[in-house]
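Dear colleague,

Please find the structure below, handed over for your review.

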Amino acid sequence: MVRLVAHTDGACSGNPGPGGWGVLMQAFDGETLVRERELSGGAAETTNNRMELLAAITALETLSRPSEITVVTDSAYVKNGVTGWIHGWKRNGWKTADRKPVKNIDLWQRLDSAQARHDVRWEWIKGHAGHPENERADELARAGMAPFKPDRARA
């Protein structure tokens, strides 16, 4: 059975500012890597949290059929939100515990929908700590951001 792993990351230059997201998708047969796919994108004016969410969303939306997948993120915001906070938000009509609207509701609802069709295992790892796949996802996020950075527009 093929095992899928998505390493996701977001980046932002300023917060808000130009941002990017990156995904390193990997398929394993046992312990053998059989396929890799790199995905990235960005936006001119965004936040780091939005880019982290978009990376996870894209990883799940890219799958053409329901799958078992492990999503590895260095974002505690994404991991804690999707495995914990989201349940209360949905019960409260997408309001926080203090009855305020959930920030980034559009992306949280999209992530909730994207993960509903899959069997997702969420893992958090420390970012910028020497994890090769996380470093590659970070490079992809920075590449996704590059076209939106002002210094790039002048070149």
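**Aromatic residues and overall fold**

Trp-85 and Trp-89 are both in helix H2, 4 residues apart, which is about one turn of the helix. Helices (H or I, at least four residues) and strands (E, at least two) are DSSP runs, numbered from the N terminus.

Please note that this is a predicted model, in which local features need pLDDT of at least 70 and side-chain atom pairs count only at pLDDT 80 or more, while totals for chains, interfaces and linings use all residues. Residues are numbered from 1 along each chain as its sequence is written, and side-chain values use heavy atoms, with hydrogens and water left out.

A search of the whole structure finds 4 aromatic pairs. Rings of Phe, Tyr and Trp (its six-membered ring) pair if their centres lie within 6.5 Å; planes under 30 degrees apart count as stacked, over 60 as edge-to-face and the rest as tilted. One of the pairs is edge-to-face, because the rings of Tyr-77 and Trp-108 have centres 5.2 Å apart and planes at 70 degrees. Tyr-77 lies in helix H2 (residues 76–91) and Trp-108 in helix H3 (residues 105–116), so this pair ties together parts that are 31 residues apart in sequence. The rings of Trp-85 and Trp-89 have their centres 6.0 Å apart and their planes at 50 degrees, so that pair is tilted. Together, Tyr-77, Trp-85, Trp-89 and Trp-108 form one aromatic cluster.

As to accessibility, buried means under 20% relative accessible area, exposed over 50%, and partly exposed in between (1.4 Å probe, protein chains only). Tyr-77 is buried at 18%, Trp-89 is buried at 11%, and Trp-108 is buried at 0%. Trp-85, at 40%, counts as partly exposed.

Turning to the chain as a whole, the protein has 5 helices and 5 strands, in the order β-β-β-α-β-α-α-β-α-α along the sequence. The radius of gyration is 16 Å, close to the 15 Å that the globule rule gives for 155 residues, so the chain is as compact as a globular protein of that length. This radius is taken over C-alpha atoms, and the rule is 2.2 Å times the number of residues to the power 0.38. The C-alpha trace spans about 45 × 45 × 30 Å along its principal axes. Buried residues make up 46% of the 155 residues.

Yours sincerely
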